[in-house]
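Take the chain below and read it from the overall counts down to single residues.

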Amino acid sequence: MLDTFRQSATHALRRLLRARGFTVAVIVTLTLAIGATATVFSAVEGVLIHSLPYVRADRLVMVWEDLTKSNNNRFSVSLLNYEDIRQHGSAFEDAAAQLGSGMTVRVGDTPELARGAQVTGNYFALLGARAALGRVLGPGDTIAGSRRVVVLSDAMWRSRLHADPAVIGTVLDIDGEPYTVVGVMAREFSTPAFFKAAHQRAELWAPLDLPVALQTRNAAMLQVIGRLRNGVDADGARRSVRQLGARLAAEYPASNTNVSFDVVPLPEQIIGGVKPILEAMFAAVVLLLLVAVANVSNLFLTRAVSRQGEIAIRRALGASTLALLREALWDSLLLVMTSTILGLALAQWGHALLVAIAPPTTSRLDQIRLDAGVALFTVLIALTLGAALAVVSAGRGMGARSSELLRSGTRRTTAGSASSRARRAVASAQVALAFVLTVGAGLMVRTLLNLDRIDPASVRIIWSPCGSGCFPRATRPPRSRPSISVESRRNSVPYLA
């Protein structure tokens, strides 16, 4: 069996080397198409398909304050409103809250800025998260008078603490206060430091500790996440929190007038902004792959027609249909698998380029990688394509009758009407796919140009001592004036939130 395998591969290689122009054209065309497809699919798989690192993430939602008067339906939630949502929100099993904050962490003598989050004691339990080392934060850590504790991300543990396995119990200086490390999260776990800026990942988590002055209904600063009860969907939860908002507006008119609540599924909150762009890119590379397949099919048809005389002689000498089909399959698979290997190598470069040029606000950018799933997807496409091209080649090459070709007295043959119709059909498909691809590329360019026309001068910088929304709602700039909230905390260097 091995000898037969080796012999078939050797004969296929010799045939392809004799037709160098055909071989090079097919390999170059397929390599570019497969490389582009693998590159974009790695982004789609990492950002859209790869599940969020939470237990039953499809049951998690974000709860925002809906400022109906200013048409801002995704505003941070005040502490007292959050407590009402947790206690009286009938649509939720539980609700947790976080406050993103920039923290100055001193490791040795070097202070460094880290993106952190202050979270409620039920935060990790709500997400279903467990620590890789030590433990996560619990309700007891938020009790007044408790020692200051912190949980680190895997990235921070590796980069700043050199993956020290004895890190549990270490005391870190965070914003001038001693915090004891009680846990390190698993590598795959991550949460946005700010849920309205999902591309920023938290590097550490500390218990929520708000000054008394900020424990009012006007100080809206928390991002609230809830887990839906069984049988309740996002629409049902939205109706429930809006009823709660109407009741709170009646009970607390001074702070909650024109304040309702809105619900957004967590996957939509994190990847909603980048999803249509990736879907458009994937549709574009699929069209590109189809155009490449049409081109290669035309090359295979032309080559099959030119070999009809040779195949007729071989059939007259006793070659079976199965043997000829196996020969065509070897030719196509050898070409396609070579193109796949080169395409995956090209995708390595394309992947690095894609990550480098992607906007820094792209959610889950760290999840984009060429892993086994991307390789398997590419190989499956290659095998399917190889089988299809083998059928095209063998079907056309054995389509004519051997007796008619042999009676012509020559091995040279011209394409008949059936061959002409097949090539015209392939050419028409090429033109149609190229037209669709051109239109799609034009629409994508137009979208990018529209984004580029946004006037940077219209962006206002809002400075706040404790993050986005950490001020009375009455001083919030209107939605029509875009704003960027800048995070700062005591001696930390401010950074864009």
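The coordinates are a predicted model. The chain is built from 14 helices and 17 strands. It has 497 residues, of which 45% count as buried. Counting contacts between residues at least 6 apart in sequence, 76% join residues at least 24 apart.

The largest holds 41 residues, and Phe124, Trp205 and Ile225 touch the most other members. A second, separate core has 24 residues, including Leu210, Ala237, Val241 and Leu244. Returning to Ile225, its contacts beyond four places in sequence include Leu60, Val61 and Met62. Also among them are Asp94, Ala95 and Ala96, as well as Leu126, Leu127, Phe195 and Leu266.

Helix H6 covers residues 234-251, 18 residues in all. From first C-alpha to last, H6 reaches 26 Å, close to the 26 Å expected at 1.5 Å a residue. An α-helix has 3.6 residues a turn, so residues three or four places apart point the same way.

Is Glu93 buried, exposed or partly exposed? Glu93 is partly exposed, because its relative accessible area is 40%, and the buried class requires under 20% while the exposed class requires over 50%. Apart from neighbours within four places in sequence, Glu93 is in contact with Arg227, Leu228, Arg229 and Asn230. Glu93 and Leu126 are 33 residues apart in sequence, with their C-alpha atoms 9.0 Å apart in space.

Rolling a probe the size of a water molecule over the atoms shows where empty space is left. The count comes to 2 cavities of 30 Å³ or more. The second largest cavity has about 30 Å³ of space, and its lining consists of Ile34, Thr37, Ala38, Leu289, Thr378 and Ile381. Helix H2 (20-49) and helix H12 (372-397) each supply at least two residues of that lining, and H2 gives the most, with 3 residues.

Helix H2 also holds Thr39. Thr39 counts as buried because its relative accessible area is 10%. Beyond four places in sequence, Thr39 touches Ala347, Gly350, His351 and Leu354.

Two loop residues complete the account. His162 is in the loop between helix H5 (154-161) and strand E8 (171-174), and has a positive phi of about 55° although it is not a glycine. Asp175 is in the loop between E8 and strand E9 (177-185); its phi is near 55°, again a positive value in a residue other than glycine. His162 counts as exposed because its relative accessibility is 68%, whereas Asp175 counts as buried because its relative accessibility is 11%.

Conventions
Residues numbered from 1 in each chain as written. Predicted model: local features only at pLDDT ≥ 70, side-chain atom pairs only at ≥ 80, totals over all residues. Heavy atoms only, no water. Helix = DSSP H or I, 4+ residues; strand = E, 2+ residues; numbered from the N terminus. Expected span 1.5 Å × (residues − 1). Buried < 20%, exposed > 50% of the residue type's maximum accessible area, 1.4 Å probe, protein only. Contact = heavy atoms within 4.5 Å. Core = buried A, V, L, I, M, F, W, Y, C linked by side-chain atoms within 4.5 Å. 1 Å grid on protein atoms, 1.4 Å probe; cavity = no way out; pocket = protein on both sides within 12 Å on 5 of 7 lines; lining within 4 Å. Points joined across faces, edges and corners; volume = space filled by probe spheres on them.
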